[in-house]
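Open the structure and keep the sequence beside it. We will walk through it step by step.

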Amino acid sequence: MLKTIQEDVQSVLDRDPAARSVWEILLCYPGVYAIWIHRLSHHLWKGGFKLIARWLSQLARSMTGIEIHPGATIGRNFFIDHGMGVVIGETAEIGENVTMYHGVTLGGTSLQKTKRHPTIEDHVVIGAGAKVLGAITIGAHSRIGANAVVVKSSPPNSVIIGVPGQIIVRSQEKAMSDKPDLEHGLLPDTIGETLAALVSHMEKLEKRLDGHTTISPALHTSEHGIWHGEDFAI
């Protein structure tokens, strides 16, 4: 137990630059409390004491704002940063060295009493407000962008963004290390890039048409991620 507590504290020190001391983590980090209470409630759940386990999970929810069903399976070095509004369902499975931010939901999409919540493999980072729904699997070393809605499985080394979540497999695999991928600003704009390619293709077609004047489109390709155009008011 002492070794597990030390690992949990070290996980916070490794992943949160705001953490200044062990005492600060022990006194001020609700995500740590929620995980510790979950380990106890999960042990009771597996032992058949389901009502007490559920009561403990609700106690943790009232204390931390984090709701973890006692039936959920959570691996080592799980870190919930800030934590408020996190919901983890009964059949969710979380691997090792997973990082999760506030407002995340690992939700179910079925009324059947079977596996209906996501499986999160090792070293996954889930951004604030993301919703991962259904009995899907998020591959190891993947990153889910903030507020993404993920409804289908992804292979390892993926980046998932948007609503519904668009899966982009990295052209180069992330180095297999314990260091989490916290570069939240490095998110591709799949819709914007597709639109830019379409506008560019239309301009080329217009120039090839004989006897027609090339009309500048209302929307131009982006410059350093910023779009320019005419009045877009509806």
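The paragraphs below visit a sheet, a helix and a pair of side chains.

This is a predicted model. Begin with the sheet. It is open and has four strands, in the order β2-β5-β8-β11. The pairing is parallel. Two strands form the edges: β2, residues 73-74, and β11, residues 137-138. Each of these pairs on one side only. What holds paired strands together? In general, strands of a sheet pair through backbone hydrogen bonds, either parallel or antiparallel.

Now look at one pairing in detail. β2 runs parallel to strand β5, residues 93-94, and two bridges join them. Threonine 73 has glutamate 93 in β5 as its bridge partner.

Next, move to helix α4, which spans residues 50-64. Tryptophan 55 is found in this helix. Is tryptophan 55 buried or exposed? Its relative accessibility is 56%, so it counts as exposed, the cut-off being over 50%.

Which residue can we relate to alanine 60 across the chain? Take proline 30, which is 30 residues apart from alanine 60 along the chain. The C-alpha atoms of the two are separated by 9.1 Å.

Finish with the rings. Lysine 50 lies over the face of tryptophan 45, at 4.1 Å from the ring centre. How many aromatic pairs are there? The count comes to zero.

Note on methods. Residues are numbered from 1 along each chain as its sequence is written. This is a predicted model: local features need pLDDT of at least 70, side-chain atom pairs count only at pLDDT 80 or more; totals for chains, interfaces and linings use all residues. Side-chain values use heavy atoms; hydrogens and water are left out. Buried means under 20% relative accessible area, exposed over 50%, partly exposed in between (1.4 Å probe, protein chains only). Rings of Phe, Tyr and Trp (its six-membered ring) pair if their centres lie within 6.5 Å; planes under 30 degrees apart count as stacked, over 60 as edge-to-face and the rest as tilted. A charge sits over a ring if NZ of Lys or CZ of Arg is within 6 Å of the ring centre and within 35 degrees of the ring normal. Two strands pair if DSSP finds at least two bridges between them.
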